[in-house]
Amino acid sequence: MVAMSTPPVPAAPTPRSILEDLVLTPVPGCSGRYGVVVDDGWRVLHVFGGMTKALALRAAAEALGRPDLRLVTTGATYVAPIAAGPVGIQADVIRSGRRCAQVRVRLWSGPATDEPRGDLLVDAVFGAHDDALPGLAPVVLPADARSPDASTGRDELARSRVVDVPFHRQTDWRLAVGTYDFTAPPDDPRTVSWFRFRNSAIGPGGAWDPAALAVPGDILGPAFSRGIGPARHFFVITLQLSMQWFAPVRSEWVCQESSVSRAAGGFVTGVSNLFDESGELVGLATQCAMLRPLERVAADGLSGAADQG
């Protein structure tokens with residue numbers, strides 16, 4: 001690690017509650033319209049992409065109003081960054097059938113009373129599960145996942161690089177496979193990590209709000225950084241994030257197994273499997289991102305020489 005003669009990372013304020021911050025306010029007279037004020041604590045440079053998708057999915061579920069259906073698959077396209085502060089959301093039910101329903105969501109920076117626009121576009125599919133039908137579960141928790149307690153915490157990154165990212169104060173993130181040493185040579189573009197919200201995401205029903213799984217689903221950056229090595233450092237900007245939901249999350253921790261499928265021409269694509277602490281595969285994310293050299297974003301508030309994708 002490289003020692004830096006800079007002030008220590010500021011003490012973190014009280015972490016935000018993901019359950020409270022996913023509470024939306026309906027706009028009277030506008031069907032499917034919601035507003036929310038996003039706290040600056042969810043910001044990296046802008047509001048973290050997984051968090052904006054989670055807000056869109058919460059709006060989709062509320063607009064649909066079908067507790068008999070649960071999230072099956074979603075696709076998000078990131079058109080423009082979302083700033084902390086007032087955010088508007090428009091969720092339109094495309095179809096609501098007996099076993100499946102589709103909802104299209106537009107989310108934008110600014111008051112909910114503004115004309116809707118698509119700074120973030122999300123399509124969400126909900127379905128009724130039939131556990132009597134046969135199934136397959138060939139993907140298992142990786143053998144090298146260890147446990148959260150046996151993995152390396154993000155505090156080591158904070159001590160070595162002096163990077164104060166508000167989003168990091170809301171989450172606990174620990175590496176089981178990978179390194180915080182950004183001078184390490186290129187390695188297998190794969191990481192295994194453990195994620196939890198510092199304030200629990202488990203609601204009254206004993207499981208996470210399904211929308212919250214979009215936050216740990218946004219996790220491609222560290223695997224790319226491990227694969228590329230110290231040649232150059234990048235900020236990983238999500239362009240599309242597709243996810244599938246397989247089972248409710250009933251543990252505080254989620255294991256993220258992330259690998260790069262291809263990186264070329266300034267873009268990177270990869271897949272992340274998401275497991276609960278029991279080892280059940282609860283979700284899967286496929287992500288495509290644009291690579292931006294970190295020196296180009298240094299003026300936006302990040303310091304240090306590591307991507308924060």
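Modeller: A search of the whole structure, which is a predicted model, finds zero disulfides.

Biologist: What makes a pair of cysteines count as a disulfide?

Modeller: The sulfur atoms of the two cysteines must lie within 2.5 Å, and the search of the whole structure finds zero disulfides.

Biologist: Why is cysteine 255 called buried, and what is cysteine 100 called?

Modeller: Buried means under 20% relative accessible area; cysteine 255 has a value of 0%, so it is buried. Cysteine 100 has a relative accessible area of 33%, which falls between 20% and 50%, and it is therefore partly exposed.

Biologist: Let us turn to charged pairs. How do you know that aspartate 39 and arginine 16 form a salt bridge?

Modeller: The cut-off between a side-chain nitrogen of Lys or Arg and a carboxyl oxygen of Asp or Glu is 4 Å, and the side chains of aspartate 39 and arginine 16 meet at 3.4 Å, N to O, so the pair counts as a salt bridge. The pair links distant parts of the chain, 23 residues apart, with aspartate 39 in the loop between strand E2 and helix H2 and arginine 16 in the segment before helix H1. Aspartate 39 is partly exposed at 27% relative accessible area, and arginine 16 is partly exposed at 31%.

Biologist: What makes aspartate 92 and arginine 106 a salt bridge?

Modeller: Their closest N and O atoms are 3.5 Å apart, which is within 4 Å, and therefore the pair meets the rule. This pair too links distant parts of the chain, since aspartate 92 sits in strand E4 and arginine 106 in strand E5, 14 residues apart.

Biologist: How do you know that aspartate 123 and arginine 104 belong in the count?

Modeller: The distance from N to O is 2.7 Å, again within 4 Å, so aspartate 123 and arginine 104 form a salt bridge. Here aspartate 123 lies in strand E6 and arginine 104 in strand E5, 19 residues apart. By this rule the count comes to 15 salt bridges, and a network of salt bridges links Asp149, Asp172, Arg174 and Arg196.

Biologist: Why is the span of H2 described as close to the expected one?

Modeller: H2 has 16 residues, and at 1.5 Å a residue the expected span is 22 Å, while the helix reaches 23 Å from its first C-alpha to its last. Just after H2, glycine 65 takes a positive phi of about 60°.

Biologist: What makes H2 "mostly covered"?

Modeller: Of the 16 residues in H2, 13 are buried, and each of those is under the 20% cut-off, because that is what buried means.

Biologist: Which helix or strand supplies the largest share of the lining of the largest pocket?

Modeller: H2 does, with five residues, while H2, strand E3 and E6 each supply at least two. The space in this pocket is about 680 Å³, and of the 32 residues that line it, the closest to its centre are Arg58, Arg70, Trp208, Asp209 and Pro210. By class, the lining has 21 nonpolar, five polar and six charged residues.

Key:
Residues numbered from 1 in each chain as written. Predicted model: local features only at pLDDT ≥ 70, side-chain atom pairs only at ≥ 80, totals over all residues. Heavy atoms only, no water. Buried < 20%, exposed > 50% of the residue type's maximum accessible area, 1.4 Å probe, protein only. Helix = DSSP H or I, 4+ residues; strand = E, 2+ residues; numbered from the N terminus. Expected span 1.5 Å × (residues − 1). 1 Å grid on protein atoms, 1.4 Å probe; cavity = no way out; pocket = protein on both sides within 12 Å on 5 of 7 lines; lining within 4 Å. Points joined across faces, edges and corners; volume = space filled by probe spheres on them. Nonpolar A, V, L, I, M, F, W, Y, C, P; charged D, E, K, R; others polar.
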